[in-house]
Amino acid sequence: MKDLDFLKSNLIAYHGIYDNERIFENTLQAYQRANKFGFIIQLDVRMTGCGTLICFHDENLERMLHVDQDLLEISYDELSYIAKYQIPTLKEVLDMINGNVPLIFKIESKVRQFAVEREISNILDNYEGKFAIISDNKKTLKWFYKNKPSYVIGLVLNSSNYIKSLLYKKCDFFNMDINLYNDKYVRKLRENKFIIGELITSEEEYTHKNDVYDNLVVDNILENVSEF
């Protein structure tokens, strides 16, 4: 059995702590704020057209950068030129966190031949901090299960893939949408599986769900952060 205790050492900050005005999601500044409070950080990893792994949530640049273009269509240099804020590479994030808090990497990949999976493992093999890999793509998890058996990996359960996914064995935990199942059923599932609940967006939700899951992913705690 793998040691999953690091996944409940503190709440999990979704994309860091940000407001998307002064501090943008999935940036070094957002991660620095989460690190300051000792939060576990959940961040998204994608690949640019030149093969650079970056921390960015969306496949397309429209929402964050107001440019209708996919990441896989441009290089990191081109992305840096058009971005209104610094979009960090995975290596920059690892250098900054340096093992201070655990990291959860959500892999978003449409690249063939497992290029993202191979590249992120090449980088993480030399990282000494605690981390886990999550994805809703079972092919991605199967690759890690086979090629990186020491990695802690989790299946993301959401409205598009949760049917029959509770039977999936090639993962160490579930990262589950809090709206999928009732609380009583989740508590029952926890008897045999470590379960993280996502996504908490208010103090009221936190109070209600805090004892239901093994840990919670919390979005954008900016006010009264010390109370959590």
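The structure is a predicted model, in which local features require pLDDT of at least 70, side-chain atom pairs count only at pLDDT 80 or more, and totals for chains, interfaces and linings use all residues. Residues are numbered from 1 along each chain as its sequence is written, and side-chain values use heavy atoms, with hydrogens and water left out.

The protein contains 8 helices and 9 strands, assigned as DSSP runs (helices H or I, at least four residues; strands E, at least two) and numbered from the N terminus. For 228 residues, a compact globule would have a radius of gyration near 17 Å, and the value of 17 Å for the protein agrees with this; the radius is taken over C-alpha atoms, and the globule rule is 2.2 Å times the number of residues to the power 0.38. Along the principal axes, the C-alpha atoms fill a box of roughly 50 × 45 × 35 Å. Of the 228 residues, 52% are buried (under 20% relative accessible area, 1.4 Å probe, protein chains only).

E25 lies in the loop between strand 1 (12-14) and helix 1 (28-36). With a relative accessible area of 5%, E25 is classed as buried. Its side chain makes a polar contact of 2.7 Å with the side chain of R63 (a pair of N or O atoms within 3.5 Å; within protein, one must be able to donate a hydrogen and the other to accept it, and residues adjacent in sequence count only if both atoms are side-chain atoms). Leaving aside residues up to four places away in sequence, E25 touches H15, Y18, N20, H57, R63 and M64 (heavy atoms within 4.5 Å).

Key: Buried < 20%, exposed > 50% of the residue type's maximum accessible area, 1.4 Å probe, protein only.
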